[in-house]
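Me: I would like a close look at one part of this protein, the loops. Please take me through some of the residues in them, one by one.

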Amino acid sequence: MTLSQPGILAAIPSLACHLFFSLESVEELPAALDRLSTLADGETIVVGFGESLLRAQSRHVAGLRVFPVLNGSSVDIPSTQHALWCWLRGEDRGELLQLGRALVAALHPALRLEQSTDAFRYREGHDLTGYEDGSENPDGEEAVAAALVGEGPEGERGGSFAAVQHWVHDLDHFDSLPSNEQDNIVGRRKSDNEELEDAPESAHVKRTAQESFSPEAFVLRRSMPWSDGRQAGLLFLAFGHSLDAFEAQLKRMAGLDDGIVDALFRFSRPISGGYYWCPPVREGRLDLRKVVG
């Protein structure tokens, strides 16, 4: 029986840690991936592979590509693609730390840890600006349809594509704005999360209204706030049955469709970006038939 990694559809945890790895040794990779498939259960550790890792194994997953560099009319969206991304989920920071250490050891010397970012739940699912995050997330079977590959060969069905970005917020600037101006940037009232009927066209809600695209661009968001003590923001995470819906939203946010840049860029900017293939689970282990020969 083939299933998705259960952490994809599960509720956002209290705490998380995102680990990003580069490929160091192709020869050591098969053994490292075997150890990874035993350690990662798809729930406390969700795993995503970058296109370069699959290419190193002479493998291919249709639809997987490198995160694009996008240059909008006044914004720049970078690509910081890695070979492997792991999303550690839990309720205890110490346990996540130990789990991350075990992962790093299991993947050595094939893969090297390049970045680690701690994330956390704020006010039961809010961004650090105080606005509720993921209000338009699909539910139930609609979430399954949006996030998971429903058709395809064995080893692909039940998989998912993940888009991961670090967004840095200028919270001091945002907090200095009048409340109605903050609402117009987001397109919702902070007080009750209701969408503003008269929000400007640059409002984030209007820029990313999933049903307004053709075809509709639904994704399942699992974003969480992050901070490293010097800067803070949103660690954006979206799962999709392909990468097309997320990319369509991102291009519109950058003003590449109609020249209107998302007002979110007034106080926030992305500093990273990566695309990853999250394989399904088979018999309690990661199904790596599309990753290794």
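Reply: What follows is a walk through several loop residues and their surroundings.

Keep in mind that this is a predicted model.

Start with Gln5. Gln5 sits in the loop between strand E1 (2-3) and strand E2 (15-23). Is this residue, Gln5, buried or exposed? Its relative accessible area is 0%. Gln5 therefore counts as buried, since the cut-off for that is under 20%. A polar atom of the Gln5 side chain lies 2.9 Å from the backbone oxygen of Pro279. Now look at the residues that Gln5 touches, leaving out those up to four places away in sequence. Among them are Gly42, Ile45, Val46 and Val47. Cys278, Pro279, Val281 and Leu286 are also touched by Gln5.

Next comes Asp127. Find it in the loop between strand E7 (111-120) and helix H4 (140-147). Asp127 is buried, yet it has no salt bridge. Which side chain of opposite charge is nearest to Asp127? It is Arg221, 6.9 Å away. A salt bridge needs the charged atoms within 4 Å. Asp127 does have a polar partner: its side chain makes a polar contact with the side chain of Thr129, at 2.7 Å. Beyond four places in sequence, Asp127 touches Tyr122, Asp133, His169 and Leu234.

Stay in that loop for Glu124, which also lies between E7 and H4. Its phi is positive, about 60°, although Glu124 is not a glycine. Most residues other than glycine have a negative phi. Glu124 counts as exposed because its relative accessibility is 67%, and the cut-off is over 50%.

Glu283 has a relative accessibility of 73%, so it counts as exposed.

Last, check two peptide bonds. Most peptide bonds are trans. The bond from His108 to Pro109 is cis, with omega near 0°. Pro109 lies in the loop between helix H3 (93-107) and E7. Ser214 and Pro215 are also joined by a cis peptide bond, with omega about 0°. Pro215 belongs to the loop between helix H7 (204-207) and strand E9 (220-221).

Terms used:
Residues numbered from 1 in each chain as written. Predicted model: local features only at pLDDT ≥ 70, side-chain atom pairs only at ≥ 80, totals over all residues. Heavy atoms only, no water. Helix = DSSP H or I, 4+ residues; strand = E, 2+ residues; numbered from the N terminus. Buried < 20%, exposed > 50% of the residue type's maximum accessible area, 1.4 Å probe, protein only. Polar contact = N/O pair within 3.5 Å; in protein donor to acceptor, adjacent residues only side chain to side chain. Contact = heavy atoms within 4.5 Å. Lys, Arg positive; Asp, Glu negative; His and termini not counted.
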